[in-house]
Amino acid sequence: MSEQTKTAAKAGNFNAKKFFSDNAIWAVLIGMVIAMNFLIYARKGAWVFLTPNNIRTLFESESVRGVLTFGVMIAILSKGIDLSTGSLAGMVAVMVASFVQPVDLSTRVLTSGFSLPSFVAIIVGLLIGAAVGAIMGAIIAYTKIHPFIATLGGQLICRAVAKMYSNRPVSNLPDSFRAIARVPYATADGKTSSFPTIIIVFVVMFAISAFLLTQTRFGKNIYAIGGNDQAARVAGINVELNLVLVYVWCSTCAALGGILLAARTGSADASTYGLQYELDAIAAATVGGTSQTGGICRPSGALAGILIMGVINNGLVLMGVDDNMTNVIKGLIIVGAVVLDMRKNAGKK
Amino acid sequence: MKTKKLLALVCAGMMALSLAACGGGSAPAPAPSNDGAAPADSGAAAPAAAQNITLVLSQRDEWLSTLVDGATAAAAEMGVTLTTVDCQSDASKGIQFVETAKNAGEQVVIVNLVDPAQAQQIIESAGDMKIVFVNRTPDDMARLNDNVVYVGSNEMDSGRYQGEALAKYFKDKGQTEIKYILLNGILGQTSTTNRTLSVLQTLEANGITATEATAPLVANYERPKAMDMIKPLLGTTEYDCIISNNDAMALGAIEALESANMDPSEKPIVGIDCTADGAAAVAAGKMYMTVFQNADGQGRGALQAAMNLVNGAPLNEGTEFEVDAENPHILWVPFEPVDASNVADYQ
């Protein structure tokens, strides 16, 4: 294998080969889109999958889980994991929603009347997320307990805190807050339409996480730590500090996901919001080629992973496939992706 | 020597087990072993123990929290200390909590089942302790007896009210063939099964031919999931109404319609629960109707029934509810249909 690679490198087409190997996931995505397009046409008798409206719907639906994925992919890259993201998203959603609920609402959750302007509430929500991440990150980095355990604890605690905070949905959220997910406007014919800001947020978060990983010292440090933390330490990297930052980033992404979820649905419910989103995010990152053994992650791969999950979620509803079958297909794709990935990476490590 | 002793012990243990099995719980069979006397103590606890009652909750959501509030208020009025414990949807925790209550010497326990099939296990775990099942029905009502009762609403009624409202809506339009989108709750739960079953039965009984516009959608009673499932169907699937197993999912459907610039009042959307948000949507004309399930009434009814069991009083004494005509161990707290005409009473 390595012999072949060397020969290929000498021949000058190494980059092309590497490019195709690295981006094989996009080929899978394109293949799935084409297949889904025809399958849905066969079922519905109309081309309803690749319409501007449906593509928009797909992106809107996956944005929240997508933002969580951009966080957890960096945790996985550092040879860790974050199981708390779904619960944390739910907790932050409920808290931020309670800050921005209209003051004159009879069913208001915060009866004290405490309220914050939407923009401030969102910042506070992100800070809550960052603080939770800092605590979990510090526990992971300095006590050396496995991230699985530390974030499992975080998952339980965040969900419980959310439920203690409010036992009923926090709803009737104002448009000023919901603007982070959608901005309504009046169309020429007098109807109201909305601009999906949530997709902009999603794309910006992708750009930021790609920049972090590929263009900053932090990103390079995380690749090094995930690859071999002892070697990274010898090379003079502050492993502990970087690990704390990993979980701060991951939790901030989760908090943003929660805020987007509340803004998109106009409500936040402590018992159901973000439920099992952490697993969806881990699945998307994994399908996108983020290796559970650490040190390997491509942001563009994770993006493809998110879209693959989105194509399944959206396409199978359009096709009228039973919910249980949807989960069977998802399960097969996740396991299949990891098998392929391990075969692909076997030669590299 | 040692092996003989061990053998004797095993034999004694097996005898005790087989005796207990034969007894089947009908009578407290006197166990032959020495430590068989221990459990008898709890049964003979002082009557004052009725002052402590445990409410075992399947999970905490908005609706069940209202039920707890009702039970807590009733407990305060009766001078009873009510402890609420949460199974977090884990059936085995329910059994643990019931056993703990028994060990604490309590005379009666109120159980909101995680899983209907768990009922028999709970009855066995409770031993001599009396049981009030609340809200979620046991798998078989024949399990109820003088010591085991059920307080709740008939889930077949909730779907029936939805079905009747929809049948009237479409008959007024002169339409007898409809296509529906159905948002299911968590599959396998009695509420999901019966709500779905009864609304479809009622439509059929009222002469409406209803066919499903999609595959069955399972949104687990969650608002965001319902929203994500409905959104791609809008404009791509023809339907006449959206039937939802609860209000949260119906609200998700409304949200999906509004974000697609469609008017949710154009085609009827029906929910169940009459939550604060659900009632507001009915009042605003966005939801066609919902069905009020009396959480407060079920909570109060369960506590009253528990005290009636301990005191040997008739099941419905002190409540405004009626005992089932055939099974004297069921106390029905009725569902109530809510639409634009009466929603003000529920807000």
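**Exercise 1. The sheet of chain B**

Task: In this predicted model, find the order of the strands in the open sheet of chain B and say which strands stand at the edges.

Solution: 
- Step 1. List the strands. The open sheet has 7 of them, in the order β2-β1-β3-β4-β5-β13-β12.
- Step 2. Check the pairing. It is mixed. Strands of a sheet pair through backbone hydrogen bonds, either parallel or antiparallel.
- Step 3. Find the edges. β2 (81-86) and β12 (322-323) of chain B each have a single partner strand, so one side of each lacks a neighbour in the sheet.
- Step 4. β12(B) pairs with β13(B) (residues 330-332) in the antiparallel sense, over 2 bridges. Glu322(B) has Trp332(B) of β13(B) as its bridge partner.

**Exercise 2. Helices on the sheet**

Task: Which strands of chain B does helix α5 of chain B touch, and which does helix α11 of chain B lie across?

Solution: 
- Step 1. Take α5(B), residues 119-126. This helix packs on the sheet and touches β3 (108-111), β4 (130-134) and β5 (148-152) of chain B. Its direction makes about 150° with that of β4(B).
- Step 2. Take α11(B), residues 295-311. This helix lies across β1 (52-57), β2, β3, β4, β5 and β13 of chain B. It runs at about 165° to β4(B).

**Exercise 3. Two helices of chain A**

Task: At what angle do α9(A) and α10(A) pack, and which residues make the contact?

Solution: 
- Step 1. Locate the helices. α9(A) spans residues 197-215 and α10(A) spans residues 217-227.
- Step 2. Read the geometry. The angle is about 70°, and the axes are 5 Å apart. Therefore α9(A) is roughly perpendicular to α10(A).
- Step 3. Name the residues. α9(A) gives Leu212(A), Leu213(A), Thr214(A) and Gln215(A). α10(A) gives Arg217(A), Phe218(A), Gly219(A), Lys220(A) and Tyr223(A).
- Step 4. Sort them by class. The contact has 4 nonpolar, 3 polar and 2 charged residues.

**Exercise 4. A hairpin in chain A**

Task: How many bridges join β2(A) to β3(A), and which residue of their hairpin takes a positive phi?

Solution: 
- Step 1. Count the bridges. 4 of them join β2(A) (residues 183-186) to β3(A) (residues 192-195), and the strands run antiparallel.
- Step 2. Pick a pair. Val183(A) has Phe195(A) of β3(A) as its bridge partner.
- Step 3. Go to the turn. The hairpin has 5 residues between the strands, and Gly190(A) takes a positive phi near 85°.

**Exercise 5. Salt bridges and the interface**

Task: How many salt bridges are there over all chains, and how many between chain B and chain A?

Solution: 
- Step 1. Search the whole structure. There are 19 salt bridges over all chains.
- Step 2. Turn to the interface. The contact takes 25 residues from chain B and 37 residues from chain A. About 2500 Å² is buried, with carbon and sulfur atoms giving 51%.
- Step 3. Count across the chains. There are 4 salt bridges between chain B and chain A. Asp228(B) and Arg65(A) form a salt bridge at 3.8 Å, N to O.
- Step 4. Compare a pair within chain A. Arg56(A) forms a salt bridge with Glu60(A), with the closest N and O atoms 3.6 Å apart. The two are 4 residues apart in helix α4(A) (residues 52-77), so about one helical turn separates them.

Terms used:
Residues are numbered from 1 along each chain as its sequence is written. Chains are lettered from A and ligands numbered from 1 in the order in which they are written. This is a predicted model: local features need pLDDT of at least 70, side-chain atom pairs count only at pLDDT 80 or more; totals for chains, interfaces and linings use all residues. Side-chain values use heavy atoms; hydrogens and water are left out. Axes are lines fitted to C-alpha atoms, for helices over the stretch in contact, and angles run from 0 to 180 degrees between N-to-C directions. Angles under 35 degrees count as roughly parallel, over 145 as roughly antiparallel, 65 to 115 as roughly perpendicular and the rest as oblique. Contact means heavy atoms within 4.5 Å. Ala, Val, Leu, Ile, Met, Phe, Trp, Tyr, Cys and Pro count as nonpolar, Asp, Glu, Lys and Arg as charged, and the others, Gly among them, as polar. Two strands pair if DSSP finds at least two bridges between them. Buried area is the accessible area (1.4 Å probe) that two parts lose on being put together, summed over both. A salt bridge is a side-chain nitrogen of Lys or Arg within 4 Å of a carboxyl oxygen of Asp or Glu.
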